[in-house]
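Have the viewer open as you read.

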Amino acid sequence: MSLIWLMLLFSAHLSECVPEKPKRSALNQLTRTLLRQYDCGVRPVHNWTSATTVSIDLILQSVLGVDGKTQSMTISIWYRQIWTDEFLVWDPEEFDGITEISLSSDAIWIPDVIVSELVDGGKSPPIPYVYVNSSGSVKNYRPMQVVLACSLEMYAFPFDKQNCSLTFRSWLHSVNEIDLSLWRSAEAIANDKREFMNDGEWELLSIPSRYWQIHHDNTDYAHIQFNVLIRRRPLLYVVGLLIPSIFLMLVDVISFYLPPDSGVRIAFKISILLGYTVFRVNLTDELPSSAVTTPLIGVFFVVCMAMLMLSLTKSILVVKLLHHSEKEVREMSVSACLLDKYGSSGHDFNDSAVTSVKTLEHINESDDYELDSSLEGDLLSLTEIQEVSPGPEWLLQELISLRLALSQEDSESAAQGDWLALCSKLDCLLFRLYLLVLALYAGTLLLLWATWSFA
């Protein structure tokens with residue numbers, strides 16, 4: 001009997017020393033139970049005529065880039081899909097109260113919902129898991145960086161607004177198999193800006209959404225479209241592009257107050273034109289490039305350069321007119337008429353100056369001197385004196401020659417003064433026309449940009 005008790009005690013001691021085999025965890029057991037006979041290639045419905053409804057939600061995080069040349073937009077979004085898998089249902093009480101687990105996305109059925117405008121997947125981080133609750137609701141949450149094909153309108157740059165769409169649809173399944181819906185209301189999605197990085201170049205206006213179906217080959221396909229409405233903040237481009245151009249144009253306008261008869265004005269305007277050219281070359285990368293239309297700011301820069309060229313041409317014309325000789329002026333019929341009408345008004349020549357000019361003209365035509373009555377009297381007196389006393393003849397001839405030279409110089413100075421006054425009036429007229437054209441162009445641009453900015 002004692003031997004039996006010893007054997008029982010020894011066996012009990014051995015049973016305490018040998019560890020028990022651990023039980024399989026409830027989470028592991030639940031996962032194995034759900035996926036034991038699961039086929040990820042079959043749509044998860046018991047009745048094949050029932051459609052699987054996929055609810056879609058979208059939250060915009062940031063606008064990473066807008067490329068007008070390739071007509072594309074790069075954005076970062078938080079994308080959510082929710083649908084019901086009828087094969088992934090369990091009773092939480094049988095598995096230690098587990099109500100939600102994460103499963104590999106490769107192990108279960110995933111709807112083939114794509115973005116129609118997608119041209120590049122970007123650098124989206126891979127998310128290999130989805131959440132499944134006990135009622136069969138599957139939640140597929142993932143961040144996405146997508147490059148979308150978008151019809152960009154760059155004409156109003158930098159006061160432009162863009163409207164790019166994301167259209168979600170099933171690649172193969174019709175609406176009888178996979179239907180789409182919005183997980184939240186359209187108003188909540190449109191006004192949701194809490195995750196958007198609002199300190200960048202673009203401002204988020206709203207994200208309107210709509211559900212619609214397209215009929216193709218006697219079959220309806222469900223679509224959900226999100227429109228991303230954004231507006232560019234123009235302050236950076238106004239300070240870096242527009243204001244320096246305006247300053248250069250103002251300096252060019254002020255340069256008209258330099259004397260037109262000096263070469264300083266032309267040199268100054270050439271310096272402004274060269275400086276503006278260098279400014280444009282350095283800021284070429286800042287302007288958007290579009291293969292469809294030219295942005296209005298590009299037209300603005302071209303017109304500004306054309307205005308600078310026009311200003312330089314006008315100054316060259318005035319300087320050229322100022323350096324015409326009197327003979328060339330008299331040979332130009334239009335200039336002679338302008339000189340007689342505007343230049344000589346208020347400036348009466350004395351008789352001796354007119355006589356000297358006439359005398360010079362006759363000298364140019366022939367070698368004979370034709371003198372006025374006063375000079376003829378001097379010559380008669382000289383003849384009489386010569387008959388009386390031939391000695392002082394050379395003195396009288398020198399005096400008459402000196403008088404002719406002084407008269408010629410006075411007439412040339414008066415003609416040059418009148419021609420300078422005429423050129424000054426022409427310069428003033430061209431300057432006013434230049435200001436008028438510049439003001440009309442600037443007013444049109446400001447009106448257009450103000451309309452787009454506050455629209």
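Strand β2 (residues 72-84) is mostly covered, with eleven of its 13 residues buried. Buried here means under 20% relative accessible area, exposed means over 50%, and partly exposed is in between (1.4 Å probe, protein chains only). Strands and helices are DSSP runs numbered from the N terminus (E, at least two residues, for strands; H or I, at least four, for helices).

Bear in mind that this is a predicted model, where local features need pLDDT of at least 70, side-chain atom pairs count only at pLDDT 80 or more, and totals for chains, interfaces and linings use all residues. Residues are numbered from 1 along each chain as its sequence is written, and side-chain values use heavy atoms, with hydrogens and water left out.

So who does β2 pair with? Two strands count as paired if DSSP finds at least two bridges between them, and the partners look like this:

| Pair | Sense | Bridges | Residues standing opposite |
|---|---|---|---|
| β1 (residues 52-67) and β2 | antiparallel | eleven bridges | I59 and W78 |
| β2 and β7 (residues 137-149) | antiparallel | 13 bridges | M73 and L148 |

β1 and β2 make a hairpin with four residues between them, and Q71 in that turn has a positive phi of about 55°. In a regular strand, side chains alternate between the two faces of the sheet.

Over on β7, pick out S137. Is S137 buried or exposed? S137 counts as buried because its relative accessibility is 15%. Leaving aside residues up to four places away in sequence, S137 touches I82, W83, T84, Y131 and V132; a contact means heavy atoms within 4.5 Å.

F247 counts as exposed because its relative accessibility is 53%. Together with L235, V239, I243, I246 and L250, F247 makes a nonpolar surface patch of about 570 Å². Such patches take residues with over 30% relative accessible area and no salt bridge, joining nonpolar side chains (Val, Leu, Ile, Met, Phe, Trp, Tyr) within 5 Å and like charges within 9 Å. A salt bridge is a side-chain nitrogen of Lys or Arg within 4 Å of a carboxyl oxygen of Asp or Glu.

The chain's mean pLDDT (the predictor's confidence in each residue, from 0 to 100) is 77, and 72% of the residues reach 70 or more. Confidence is highest in strand β9 (residues 178-182), at 94, and lowest in helix α9 (residues 351-365), at a mean of 41.

Definitions and conventions
Accessible areas come from the Shrake-Rupley method with a 1.4 Å probe; for residues, only the protein chains shown count as cover.
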